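Subject: Structure handover

Hello,

Here is the structure I said I would pass on. Please open it first and keep it beside you while you read the notes below.

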Amino acid sequence: MSNGFETLAIHAGQEPDPLTGAVVPPIYATSTYKQDGVGGLRSGYEYSRSANPTRTALEEALAAVEGGARGLAFASGLAAEDTLLRTVCKPHDHVIIPNDAYGGTYRLFAKVNSRWDLRFDPVPLGSLDAVATAMTQKTKIIWVESPTNPLLGIADIAGLAQLAHDCGALLVVDNTFASPYLQRPLELGADVVVHSTTKYIGGHSDVVGGALIAADKGLGDELAYHQNAIGAVAGPFDAWLTLRGLKTLGVRMDRHCDNAERIVDLLLAHPRVTQVLYPGLAEHSGHEVAAKQMKRFGGMVSFRVAGGEEEAVKVCNAAKLFTLGESLGGVESLIEHPGRMTHASAAGSPLEVPADLVRLSVGIETVDDLLADLTQALG
């Protein structure tokens, strides 16, 4: 029987505990497991870097909600990304990344894996022609964020999947901003989905984690081998918190989207706002593609203000209910200045973000309170 998203998020990989009947998977706070004779493993568990029952529950649930063959949980989103790159790529290989990728992803390519001679090019992924032109015989991955962080650009996942596969490359989609509730990249042809589960999946700003979900079991098994060999795995308590967050992802995302749409309306009408970046707007360059591949348009909103960087920083500092902080996707609303905060590592690079940009992670508070706070912050 086929189950809906919310049913999978609550039940996949989470059968009641066979010993006690507990409906929530236990936190298996153990590093090792008793063997019934040499090599006699109980349910395959021998050491918690290799596997842990709490992490297994999360990994099975993640695979289910993304429609993948195998899910893997990591200590952070960047740990997941690095493990993927070391699994799929070797020195001198080439990766295409978004020209407005998350600053931490750019740093991983530019400052860490470049020393391993993994080459990359930032490309505007909204243009299939630009991506096709940038492809080389050494291209192993087209790396997609859709929506992107922080400019909320949209990429045609199905079109890029076809382009990647025609050239013998993989399509990897960072689905953090959309979440599996709003977008399912594997169904559109992607090979691997990446998440910072710290964000919408965890949803409560109380845990750091990452995930990979592979469409193909063989690739999933290769990723699992490297997960164990490299070792940046999610601990059992972190896995338990993330699994708890996943259960309510659907209802939270609906409220995030509802609130974001009201805030977009306010920003569009405000005289100090010069541009609003949100894929739900008809004038957004990626709106038609987003409407095809997303259920709704998400809880992230970016906007630019008159007066440049100084005024953008003032708006961030003036907000009260919107907490000034990095990260995103929690139940509380956050505001930040990407140029000085999350994307400072991209300063001076092709991925440098506009200095007058403000990014909002719209939470699930009473929307009238959020509107009042933004109104006073904008002055």
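The notes below cover the strands, the aromatic rings and the pockets.

This is a predicted model, in which local features need pLDDT of at least 70 and side-chain atom pairs count only at pLDDT 80 or more, while totals for chains, interfaces and linings use all residues. Residues are numbered from 1 along each chain as its sequence is written, and side-chain values use heavy atoms, with hydrogens and water left out.

Strands

Helices (H or I, at least four residues) and strands (E, at least two) are DSSP runs, numbered from the N terminus. Two strands pair if DSSP finds at least two bridges between them. An open sheet is formed by 5 strands in the order β8-β9-β12-β11-β10, with mixed pairing. β8 (273–277) and β10 (323–324) are at the edges with a single partner strand each, so one side of each has no neighbour in the sheet. β8 pairs with β9 (residues 300–305) in the antiparallel sense over 4 bridges. Opposite Leu 277 stands Ser 302 in β9.

Strand β1 (residues 70–74) is antiparallel to strand β7 (residues 210–214), and 5 bridges join them. Phe 74 has Gly 210 in β7 as its bridge partner.

Aromatic rings

Rings of Phe, Tyr and Trp (its six-membered ring) pair if their centres lie within 6.5 Å; planes under 30 degrees apart count as stacked, over 60 as edge-to-face and the rest as tilted. The structure has 6 aromatic pairs. One of them is the tilted pair of Phe 109 and Phe 120, at 5.6 Å centre to centre with 45° between the planes. This pair links distant parts of the chain, with Phe 109 in helix α4 (residues 103–112) and Phe 120 in strand β3 (residues 119–123), 11 residues apart. Both Phe 109 and Phe 120 are buried.

Phe 237 and Trp 240 form a stacked pair, 6.1 Å centre to centre with 10° between the planes. They are 3 residues apart in helix α9 (residues 236–247), so about one helical turn separates them. Phe 237 is partly exposed, at 45% relative accessible area, and Trp 240 is partly exposed too, at 24%.

Tyr 106, Phe 109, Phe 120 and Trp 143 make up one aromatic cluster.

Pockets

Rolling a probe the size of a water molecule over the atoms shows where empty space is left. A pocket is an open set of points on a 1 Å grid over the protein atoms alone, where a 1.4 Å probe fits, with protein on both sides within 12 Å along at least five of seven lines; lining residues have an atom within 4 Å of a point.

The largest pocket holds about 740 Å³ of space. Its lining has 30 residues, and Ser 43, Tyr 45, Pro 53, Thr 54 and Thr 56 lie nearest the centre. Two or more lining residues come from each of α2 (53–66), β1 and α8 (217–230). α2 gives the most, with 7 residues.

The second largest pocket holds about 390 Å³ of space. It is lined by 26 residues, of which Leu 78, Tyr 102, Asn 149, Ser 196 and Lys 199 lie nearest its centre. The largest share of this lining, 3 residues, comes from α3.

Regards

Terms used. Buried means under 20% relative accessible area, exposed over 50%, partly exposed in between (1.4 Å probe, protein chains only). Grid points are joined across faces, edges and corners, and a volume is the space filled by probe spheres set on the points.
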